[in-house]
Amino acid sequence: MTGSGPQSTELEQLRRLVQERTADLQRVKAEYDNYRKRVRRDRLAVREIAVVNVLKVLLPVLDAVDRTCAGEPPTPGLKDIADSLKEQLGSLGVTSFGEVGDPFDPACHDALSHRVASASDRLVCSQILRPGYRLGEHLLRPAAVEVTGPAPPARSASGRECGGRGSSAPAPLPVARS
């Protein structure tokens, strides 16, 4: 019986050591799993940024093709190029936006001019000067539009708003009366 006492404490120490090592292993495994997830997320983000950058560079090409098709009757070759370009961009998830009558949203529209319509209570896109494009939730390019709506609010006498001298407020839009 005297031999069972030291064996019992030695067995308890081994069990405690196994539990500690098991907990350490579980912690390291969890850290490694988190690392793998973070690396995967970072790779996807880098890939997404690369795709967005490539697509942004292609938008002027799409604009040139659209202008050419609008300016003259498209030849069969030009029509094939335009259709293929739009089809391939669409298959990547690129969508165009900007329609006459859309409510003006400064987050996705660039207002290049403003026509005052006293009967209107909100700004709407009255002419699409250049379509905007999105890739999923990413804004590739805002739509360049002409807006129609109520007159802008009156400016202060000094012409300075939003912080006075050195203000970074945007210049007022040109106003065309209708």
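**Entry 1: Arg15 and Glu12.** I began in helix H1, where Arg15 and Glu12 are three residues apart and therefore separated by about one helical turn. (Helices, H or I with at least four residues, and strands, E with at least two, are DSSP runs numbered from the N terminus.) The side chains of these two residues meet in a salt bridge at 3.4 Å, N to O. For that term I used a side-chain nitrogen of Lys or Arg within 4 Å of a carboxyl oxygen of Asp or Glu. Next I looked up accessibility: Arg15 is partly exposed with a relative accessible area of 46%, and Glu12 is partly exposed with 40%. (Buried means under 20% relative accessible area, exposed over 50%, and partly exposed in between, with a 1.4 Å probe and protein chains only.)

**Entry 2: ground rules.** A note to myself: this is a predicted model, in which local features need pLDDT of at least 70 and side-chain atom pairs count only at pLDDT 80 or more, while totals for chains, interfaces and linings use all residues. Residues are numbered from 1 along each chain as its sequence is written, and side-chain values use heavy atoms, with hydrogens and water left out.

**Entry 3: Asp33 and Arg36.** I moved along to another pair in helix H1, Asp33 and Arg36, which sit three residues apart, about one turn of the helix. Their side chains meet in a salt bridge too, at 3.6 Å from N to O. Arg36 comes out as partly exposed, its relative accessible area being 46%.

**Entry 4: Lys86 and Asp66.** Here I found a salt bridge whose closest N and O atoms are 3.1 Å apart, formed by Lys86 with Asp66. This pair links distant parts of the chain, with Lys86 in helix H2 (residues 76-91) and Asp66 in helix H1, 20 residues apart. Lys86 counts as partly exposed at 44% relative accessibility; Asp66 counts as partly exposed at 23%.

**Entry 5: the tally.** How many salt bridges does the structure hold? I get nine. I also noted a network of salt bridges that links Arg21, Asp24 and Arg27.

**Entry 6: a nonpolar patch.** Which residues make the nonpolar surface patch of about 220 Å²? They are Val54, Leu58 and Val61. Patches are made of residues with over 30% relative accessible area and no salt bridge, joining like charges within 9 Å and nonpolar side chains (Val, Leu, Ile, Met, Phe, Trp, Tyr) within 5 Å. The accessible areas come from the Shrake-Rupley method with a 1.4 Å probe, and for residues only the protein chains shown count as cover. Leu58 lies in helix H1 (residues 4-71) and counts as partly exposed at 31% relative accessibility.
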